[in-house]
Amino acid sequence: MNRQRVAANGIELACEVTGSGSPLVLVMGIGAQLVHWPDGFVAALTARGFRVVRFDNRDAGESTRLDPLGRPDLARGIARALLGRPARAAYDLVDMADDTAALLDALGIDDAHVVGVSMGGMIGQTLALRHAMRVRSLTSVMSSPGGVRNLLARPDVIAAILRPPGRTEDAFVASSLAFAARIWGRGFPLDREVMTLQARRAFRRGVHPAGFARQLMASLSHGDRSEALRFVRTPTLVVHGDDDPLIPWRAGVATARAIPDARLEIIAGMGHSLPSALWDVLGDLIADHARRADLHRERTSPRSLAGSGPRRP
């Protein structure tokens, strides 16, 4: 494993690179860190021939914190979003997509398969719009095309998002487990050992509530991307659980409908989580999607098309 901190888009991003083969970039959700990608899931991806890059988004973990930009009022921002009014944000998903493209530059990667969860899926969608040549394939997991119709999480989940995390390590672990249990999904048992390890690692790397707030406002400020997503030509796989209380499954359906030829996989019993029982299932889905995207890319490349004409006898 190669851990490093690289300059990208005017900030610094902490990242880890594991495995070898075709590059695959994992983009995390709001407030989450690279350690929230389960090691077992990363291992499932490297076993399928990927060079896996996971990183801390701006304002999370060990990446640059943007505290001079101020801390937004989350309750007011969420209320405005639910009323269909524009949310004010210190930065937006365009900035975060540009961060990801700059990370590829810093790592010397021309293009990569991209997998994003939750807000990370929104960043991936924006990346495919702004930097299409850098994205071999997109997998958008438990994410959304934006818009008020796709924001209606359960009220108890919204309240839990607004609740401050524990201040000590043990309190932070307890609050993290309680929130995970609320959004996990009823089809799979909570991976308490995995989640406890993630929470302890996240706490020791640095928890940043103000960064969480700015990231949440960035996701709310972008509005409905459905019309823009009709211009995406990147092969796209959309994965969503039918028991997601944070981003409802219909948001996954809306994402797949908006992106031309997107493939939709609804997983029974899955919530807003990556349970260990699904690591191989998700690994197979991502690997198969990437393989199909690479084959399509080879068939439609200028070199391939130039050699596909009739041959002289």
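This is a predicted model: local features need pLDDT of at least 70, side-chain atom pairs count only at pLDDT 80 or more; totals for chains, interfaces and linings use all residues.
How many bridges join strand S3 to strand S4? I looked this up first. I counted five bridges between S3 (residues 22–27) and S4 (residues 50–55). The two strands run parallel.

Next I followed the whole sheet. I found eight strands in an open sheet. I wrote down their order as S1-S2-S4-S3-S5-S6-S7-S8. The pairing is mixed. Strand S1 (2–8) and strand S8 (263–267) stand at the edges. Each has a single partner strand, so one side of each is left without a neighbour in the sheet. I also looked up the twist, which averages 20 degrees from one strand to the next.

**Entry: a helix across the sheet**

Which strands does helix H10 lie across? I traced H10 over residues 249–258. It lies across strand S6 (135–141), strand S7 (236–241) and S8. I noted its angle to S7 as about 170 degrees.

**Entry: the cavity**

A search of the whole structure finds one cavity of 30 Å³ or more.

Strand S5 (112–117), S6 and helix H11 (279–300) each give two or more residues to the lining. I sorted the lining by class: nine residues are nonpolar, one is polar and none is charged.

**Entry: H3 and H4**

At what angle do helix H3 and helix H4 pack? I read about 75 degrees for H3 (residues 93–107) and H4 (residues 119–130). Their axes are 8 Å apart. That angle makes H3 roughly perpendicular to H4.

I checked who meets whom. From H3 come Leu 93, Val 94, Met 96, Ala 97, Asp 98, Thr 100 and Ala 101. From H4 come Met 119, Met 122, Ile 123, Thr 126, Leu 127 and Arg 130. By class, this contact has nine nonpolar, two polar and two charged residues.

**Entry: H2 and H8**

My last pair was helix H2 (residues 74–82) and helix H8 (residues 209–221). Are they roughly parallel or roughly perpendicular to each other? Their axes come within 10 Å and cross at roughly 10 degrees. H2 and H8 are therefore roughly parallel.

I listed this contact too. Leu 74, Gly 77, Ile 78 and Ala 81 in H2 meet Phe 212, Ala 213, Leu 216, Met 217 and Leu 220 in H8. Eight of these residues are nonpolar, one is polar and none is charged.

Terms used. Residues are numbered from 1 along each chain as its sequence is written. Side-chain values use heavy atoms; hydrogens and water are left out. Two strands pair if DSSP finds at least two bridges between them. Helices (H or I, at least four residues) and strands (E, at least two) are DSSP runs, numbered from the N terminus. Axes are lines fitted to C-alpha atoms, for helices over the stretch in contact, and angles run from 0 to 180 degrees between N-to-C directions. Contact means heavy atoms within 4.5 Å. On a 1 Å grid over the protein atoms alone, a cavity is a set of points where a 1.4 Å probe fits but cannot get out, and a pocket is an open set with protein on both sides within 12 Å along at least five of seven lines; lining residues have an atom within 4 Å of a point. Grid points are joined across faces, edges and corners, and a volume is the space filled by probe spheres set on the points. Ala, Val, Leu, Ile, Met, Phe, Trp, Tyr, Cys and Pro count as nonpolar, Asp, Glu, Lys and Arg as charged, and the others, Gly among them, as polar. Angles under 35 degrees count as roughly parallel, over 145 as roughly antiparallel, 65 to 115 as roughly perpendicular and the rest as oblique.
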